[in-house]
Amino acid sequence: GFFYFFHITNNNISNDDRNRTEAIIIWGNDLQNLYTGTQLLKLGYSNIVFVTNNADEEVLREFLNSHNAVQEQFVFNKYRSGKKYDYAHFTAEFLKEKNVDSARIVINTYQLPRALQQLKSTISSDIEIIPHPISQKKQDSYRVFKEYAKYTLVLIASFIGKENDLDLSYS
């Protein structure tokens, strides 16, 4: 299982760079994801970016200022619940509120399988999700194994109907 996970996360990086979506979704505190989302926005892939993480909003706004981003096009997570890392539900609330039919999720390559699993089990099947994985320049075996363990846990929890009990970070 682990070697298959390692193989697919390292060899199946295929960004759909043709389709425009109604929103760009960014999960976690990795500034590389925010940078990529900002660049996609500037290139016209969407008009709005939804950012859900646990970073200080002021730090994120400073980052956006340093990259000349239009801050009005960024929505920071306001859907706080008792769970700190419930990004899939926060995203589902945002997509529903904004009546979004398509979204591009920008996330680390190793986190993509888990993110897609959680997102697809939370949102309507009518919403098209386009993955936009961010590859790492340097391989980090520990991070890959850690993410594999989280992904496996999500699959098991989904199988036994306990996926809503999980609160796993994307950092």
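Contact here means heavy atoms within 4.5 Å, and that is the sense in which L31, L34, Y35 and T38 of helix α2 meet L60, F63 and L64 of helix α3. The legends below all refer to a predicted model.

**Figure 1. The whole chain, before zooming in.** The protein has six helices and five strands. Walk along the sequence and you get α-β-α-β-α-β-α-β-α-β-α. Of its 171 residues, 46% count as buried. If you look at contacts between residues at least 6 apart in sequence, 79% of them join residues at least 24 apart.

**Figure 2. Close-up of α2 against α3.** Two packed helices are described by the angle between their axes and the distance between the axes. For α2 (residues 31–42) and α3 (residues 57–66), those values are about 45° and 11 Å. On the α2 side, the residues in the contact are L31, L34, Y35 and T38, and on the α3 side they are L60, F63 and L64. Sorted by class, this contact comes out as six nonpolar residues, one polar and no charged ones.

**Figure 3. Close-up of α5 against α6.** Here the pair is helix α5 (residues 112–120) and helix α6 (residues 141–159). Their packing angle is about 20°, and the axes are 9 Å apart. Angles under 35 degrees count as roughly parallel, so that is the label for α5 and α6. The crossing of this pair is left-handed. From α5, the contact takes P113, R114, Q117 and Q118; from α6, it takes E147, K150, Y151, V154, L155 and S158. By class, the residues split into four nonpolar, three polar and three charged.

**Figure 4. How enclosed is α5?** Seven of the nine residues of α5 are buried, so this helix is largely enclosed by the rest of the structure. The buried ones are L112, P113, R114, A115, L116, Q118 and L119. R114 and Q118, both on that list, also belong to the α5 side of the contact with α6.

**Figure 5. S158, in helix α6.** S158 sits in α6 and is partly exposed, with a relative accessible area of 23%. Setting aside neighbours within four places in sequence, S158 is in contact with Q117 and E163.

Figure 6. Which residues does I105 contact, leaving aside neighbours within four places in sequence? They are I25, W27, L112, A115, L116, L119, I129, I130, P131 and H132.

**Figure 7. The loop between α4 and β4, with N99 and V100.** Both N99 and V100 are in this loop. Are they buried or exposed? N99 is exposed, with a relative accessible area of 58%. V100, at 6% relative accessibility, counts as buried. The backbone of N99 is worth a look too: its phi is near 55°, a positive value in a residue other than glycine. Beyond neighbours within four places in sequence, V100 is in contact with E22, A23, L95 and I127. V100 and A23 are 77 residues apart in sequence, yet 7.1 Å apart in space, C-alpha to C-alpha.

**Figure 8. N68, in the loop between α3 and β3.** N68 is found in the loop that runs between α3 and β3 (74–76). N68 is not a glycine, but its phi is positive, at about 55°. With a relative accessible area of 65%, N68 is exposed.

How values were computed:
Residues numbered from 1 in each chain as written. Predicted model: local features only at pLDDT ≥ 70, side-chain atom pairs only at ≥ 80, totals over all residues. Heavy atoms only, no water. Axes fitted to C-alpha atoms, helices over the stretch in contact; angles between N-to-C directions. Helix = DSSP H or I, 4+ residues; strand = E, 2+ residues; numbered from the N terminus. Nonpolar A, V, L, I, M, F, W, Y, C, P; charged D, E, K, R; others polar. Buried < 20%, exposed > 50% of the residue type's maximum accessible area, 1.4 Å probe, protein only. Parallel < 35°, antiparallel > 145°, perpendicular 65-115°, else oblique. Left-handed = near helix turned anticlockwise from the far one by under 90°.
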